[in-house]
Structure formats: structure tokens, C-alpha cells
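The sequence and structure are shown first.

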Amino acid sequence: MTRFGIGAALMAAFAVTNAADAGPNLYVSAGEQPLVDDATQVVIMRKGTRTVVSVMPSYHGPDDPFAMVFPVPAAVQASDIKVVDPLLFNAVDRLAAPRLVELWEQDPCRSPADDAKGRANKASATDADKAGNKSVSDPGVTVDARALAGAYQIVVLSAKDAAGLDAWLKREKLQLPAGADALLESYIDRGMKLVVAKVDPKRVKLDGEHVVLPPLRVHYDSEQLTLPIRVGLANSSGTQDLVINILSPRQRFA
């Protein structure tokens with residue numbers, strides 16, 4: 001399911017699109033066992049060119065060291081990346097949830113006696129309611145920033161092509177899943193930065209086969225609102241849920 005919504009406290013807008021296999025991030029690891037992402041929640045806050053993207057992934061696979069990789073359309077500093085409370089996503093879900101609204105219309109055939117009775121009932125109901133760092137580390141790859149955020153070791157980098165990124169990841173004892181290089185190439189060709197968030201398995205929780213990852217938030221400035229969602233196809237088991245909520249004070253998205 002792909003859902004696009006706008007928080008009602010800021011703008012009343014909500015739309016649902018058809019189901020899609022997609023996600024804004026992909027997983028890389030050192031092992032051969034597949035890493036599966038079956039659901040991702042995204043909250044985007046947008047005002048002018050300032051964009052804040054929070055991602056809460058749902059991952060299951062081996063508990064070996066692994067990393068998330070997701071493209072961003074603009075430069076990101078270490079101070080622009082933070083871990084956020086998962087309760088944020090619950091609050092936004094409640095904000096964007098459908099609501100039941102009752103509207104009462106007066107019957108044009110009502111008599112004065114009916115109106116008097118209605119006023120009496122309304123009064124009773126009212127009474128009841130009241131009670132109630134920059135360096136070149138590989139050919140074709142430039143490391144723009146490094147940061148620590150919760151269980152994540154963050155590296156922000158620029159790559160000339162997917163092959164350069166693959167070489168850099170192998171040096172970090174990580175590898176791209178099959179087909180991921182082709183998915184990443186289009187974003188790299190557009191000059192997007194890559195946020196690589198390496199996960200320390202000892203600092204995350206397990207819920208059955210799922211690894212409970214803390215949500216990650218990234219700030220950046222960009223003229224266009226862009227969320228790369230095709231990269232997640234590399235970790236699809238056949239069906240993926242992508243839930244997107246967009247909060248903006250003056251714009252409407254669908």
C-alpha cells in the first residue's frame with residue numbers, strides 16, 4: 001500500500017494510490033542471505049525549500065552487521081541526521097486517519113411543534129455532553145560527512161557511479177544485493193547524495209524475525225520535493241507496504 005496524506009492540523013488533504021512494490025531505502029550486508037524490507041513508513045515535513053524526511057523501516061533477515069542506503073537530493077551535514085522517537089509516527093497516523101463527521105440538515109417539512117420538541121431534545125443532549133568532515137576514500141566516492149546517531153554509524157557520500165559505490169561498500173565489508181546497482185544508478189546520475197547508515201546489531205531489538213530499527217530523520221534544502229522509492233525494490237520479497245504522510249503549511253500533495 002502506498003498512502004499519501006497531509007496532516008489535518010496543517011492542511012486537510014488525503015489520497016490513496018494503488019499498491020506498489022517500492023521503498024526509499026535499501027539494505028546491504030556482508031552475507032549472502034537475502035535482506036527483506038516488507039514495510040516502510042515515511043513522514044515528510046516541507047516548508048519552502050526546507051525538507052525533513054523521517055523513515056521508519058521494517059526489516060527482517062540475518063543479525064549480521066548491515067546498513068541502510070538511501071539517496072537524498074541535496075547536501076546533508078552530520079548535524080542534519082538524527083534518530084527520532086517511534087511515537088512520532090503513531091501521532092501522525094492519528095492525525096491523518098479518516099474521521100467520521102455527522103452533518104444535520106433541517107427537514108423542510110417540519111412543523112413548529114417539531115421544532116419546539118427538537119429544541120428541548122437538543123438542550124438535554126447539551127447538558128449530557130457537559131457532564132460527560134570531507135575526504136576521498138575511494139576512486140569515484142567522496143565522503144562528505146560522518147556521524148553517530150543511536151544505533152547507526154552514518155556516512156554521507158557522493159558517488160560518480162554505482163560501481164564506485166559498490167567498491168566502497170566492499171571495503172566496508174558490505175555488498176549491494178543483486179540488481180541494486182541499476183536501481184541506484186539513476187539517482188547517482190542525477191547528482192543525489194547517499195546516506196549510508198550502518199547498523200550495530202547489538203544495539204537494536206528483535207521482534208521475531210524482524211529487527212526493530214529506530215526511525216532516522218534527515219534535514220535538507222531542495223527546490224523540489226523528491227523521495228526516491230525505487231531503490232527498495234532490491235529488498236522486496238514480492239510485496240512491500242509504503243506509507244507516506246506529508247505535512248506542509250501551504251501546499252497540497254497527492
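## The largest cavity

E6 gives the most, with three residues. The model is predicted, so that local features need pLDDT of at least 70 and side-chain atom pairs count only at pLDDT 80 or more, while totals for chains, interfaces and linings use all residues. Residues are numbered from 1 along each chain as its sequence is written, and side-chain values use heavy atoms, with hydrogens and water left out.

A cavity is here a set of points on a 1 Å grid over the protein atoms alone where a 1.4 Å probe fits but cannot get out, and its lining residues have an atom within 4 Å of a point. The largest one holds about 70 Å³ of space, a volume being the space filled by probe spheres set on points joined across faces, edges and corners. Its lining includes Val 53, Val 55, Phe 70, Pro 71, Val 72 and Tyr 220. By class the lining has 10 nonpolar, one polar and no charged residues, where Ala, Val, Leu, Ile, Met, Phe, Trp, Tyr, Cys and Pro count as nonpolar, Asp, Glu, Lys and Arg as charged, and the others, Gly among them, as polar.

## The aromatic pair

Rings of Phe, Tyr and Trp (its six-membered ring) pair if their centres lie within 6.5 Å, with planes under 30 degrees apart counted as stacked, over 60 as edge-to-face and the rest as tilted; by this rule the count comes to one aromatic pair. The rings of Tyr 27 and Phe 66 have centres 6.0 Å apart and planes at 65°, so the pair is edge-to-face. Because Tyr 27 lies in strand E3 (residues 26–29) and Phe 66 in strand E6 (residues 66–72), the pair ties together parts that are 39 residues apart in sequence. Both Tyr 27 and Phe 66 are buried, meaning under 20% relative accessible area, with exposed over 50% and partly exposed in between (1.4 Å probe, protein chains only).

Met 56, in strand E5 (residues 50–60), counts as buried at 19% relative accessibility. Leaving aside residues up to four places away in sequence, Met 56 touches Ala 39, Thr 40, Gln 41, Pro 86, Phe 89 and Pro 215, contact meaning heavy atoms within 4.5 Å.

In helix H1 (residues 87–96), Phe 89, Val 92 and Ala 96 are buried. They cover an arc of only 65° around the axis, which puts them on the same side of H1, the arc being that of the directions from the helix axis to the C-beta atoms. The exposed residues Leu 87 and Arg 94 are carried on the face of H1 turned away from its buried side.

How values were computed: Helix = DSSP H or I, 4+ residues; strand = E, 2+ residues; numbered from the N terminus. 1 Å grid on protein atoms, 1.4 Å probe; cavity = no way out; pocket = protein on both sides within 12 Å on 5 of 7 lines; lining within 4 Å.
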